[in-house]
Amino acid sequence: YDPRKEGKKSNLVYVDCPGFEDTNGHEIDVATSVMLSKVAERCRSLRFIILVSFVSLIEDRGGAMRSVLRLIRSFSRNFIDERRSFMFLFTHTNEIQGVPNSIEGAKASIRGEIVRISNGKPDEESLEVLTFIEASLRKNYPFASVFLPLRFDVQEFVETIHKHLTYVDGSYLATNCGLTQSSRLTLCGELQSSLQLLRRELHSEHPEMEHVM
């Protein structure tokens with residue numbers, strides 16, 4: 001979304017992208033990573049708004065959440081220094097049985113799940129992000145909240161982005177195209193398979209050059 005197309009003066013462009021760990025397959029993850037790299041390459045600076053489904057906190061004992069957090073951690077050169085460039089919005093809390101249908105109640109439920117995942121001894125990169133999210137929820141900082149569509153004030157949200165989120169240089173993301181672990185393994189497997197086929201063709205008595213090229 002480019003506000004200038006509506007006649008509004010702004011040097012900001014909002015870019016929506018597919019989620020990682022997409023149910024459509026690893027190909028979507030790879031394509032999303034390449035797209036983000038190209039966006040970062042063209043932008044002077046970036047700010048990140050991460051939508052996180054509450055389900056990822058409870059699925060596979062938080063394994064899905066940890067996988068996504070490791071990827072998010074790779075978006076910046078140093079997450080601790082650049083953490084104020086990130087905002088985390090948790091979605092679908094109103095669809096989970098036992099989660100209060102209020103923003104404060106949902107925040108408390110999210111905090112409880114994050115503490116549980118943190119106590120499960122996650123890797124250091126995931127723990128950095130989890131600690132930041134938990135502190136933001138506990139202290140009511142603007143870097144983590146709940147997204148309830150019917151109670152969401154878009155104007156207030158945009159003002160929060162302008163006021164509180166700092167910029168991060170896009171050059172790091174442009175040259176470090178992140179992938180989830182599962183997608184990376186899938187891509188490496190496909191590359192290894194292609195290399196084996198290439199070696200086999202090159203060492204054959206009559207190689208088919210069209211296969212090699």
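Where does S53 have its place? In this predicted model, S53 sits in strand β2, which covers residues 48-53. Its relative accessible area is 25%, so S53 counts as partly exposed, since that value falls between the 20% limit for buried and the 50% limit for exposed. Setting aside neighbours within four places in sequence, S53 is in contact with T91 and H92.

Before going further, a word on confidence. The mean pLDDT of the protein chain is 81, and 84% of its residues reach 70 or more. Strand β4 (residues 144-146) has the highest confidence in the chain, at a mean of 94, while helix α10 (residues 209-212) has the lowest, at 57. Please keep that in mind as you look around.

From S53, let us move on to T93. These two residues are 40 apart along the chain, yet their C-alpha atoms are separated by 7.7 Å. T93 belongs to the loop that runs between β3 (86-91) and α5 (103-119). Is T93 buried or exposed? With a relative accessibility of 1%, T93 is buried, because the cut-off for buried is under 20%. And which residues does T93 touch? Not counting residues up to four places away in sequence, T93 touches F54, V99, A106, I110, V146 and L148.

Two packed helices are described by the angle between their axes and the distance between the axes. For α5 and helix α6 (residues 124-138), the axes come within 10 Å and cross at roughly 150°. That angle makes α5 roughly antiparallel to α6, because angles over 145 degrees count that way. The crossing of the pair is left-handed.

Helix α6 has another partner to look at, helix α3 (residues 63-73). Here the axes are 8 Å apart and the angle is about 95°, so α3 is roughly perpendicular to α6. From α3 come M65, R66, L69, R70 and R73, which meet E125, S126, E128, V129, L130 and I133 of α6. This contact of α3 with α6 divides into five nonpolar, one polar and five charged residues.

Notes: Residues are numbered from 1 along each chain as its sequence is written. This is a predicted model: local features need pLDDT of at least 70, side-chain atom pairs count only at pLDDT 80 or more; totals for chains, interfaces and linings use all residues. Side-chain values use heavy atoms; hydrogens and water are left out. Helices (H or I, at least four residues) and strands (E, at least two) are DSSP runs, numbered from the N terminus. Buried means under 20% relative accessible area, exposed over 50%, partly exposed in between (1.4 Å probe, protein chains only). Contact means heavy atoms within 4.5 Å. pLDDT is the predictor's confidence in each residue, from 0 to 100. Axes are lines fitted to C-alpha atoms, for helices over the stretch in contact, and angles run from 0 to 180 degrees between N-to-C directions. Angles under 35 degrees count as roughly parallel, over 145 as roughly antiparallel, 65 to 115 as roughly perpendicular and the rest as oblique. A crossing is left-handed if the near helix is turned anticlockwise from the far one by less than a right angle, and right-handed if clockwise. Ala, Val, Leu, Ile, Met, Phe, Trp, Tyr, Cys and Pro count as nonpolar, Asp, Glu, Lys and Arg as charged, and the others, Gly among them, as polar.
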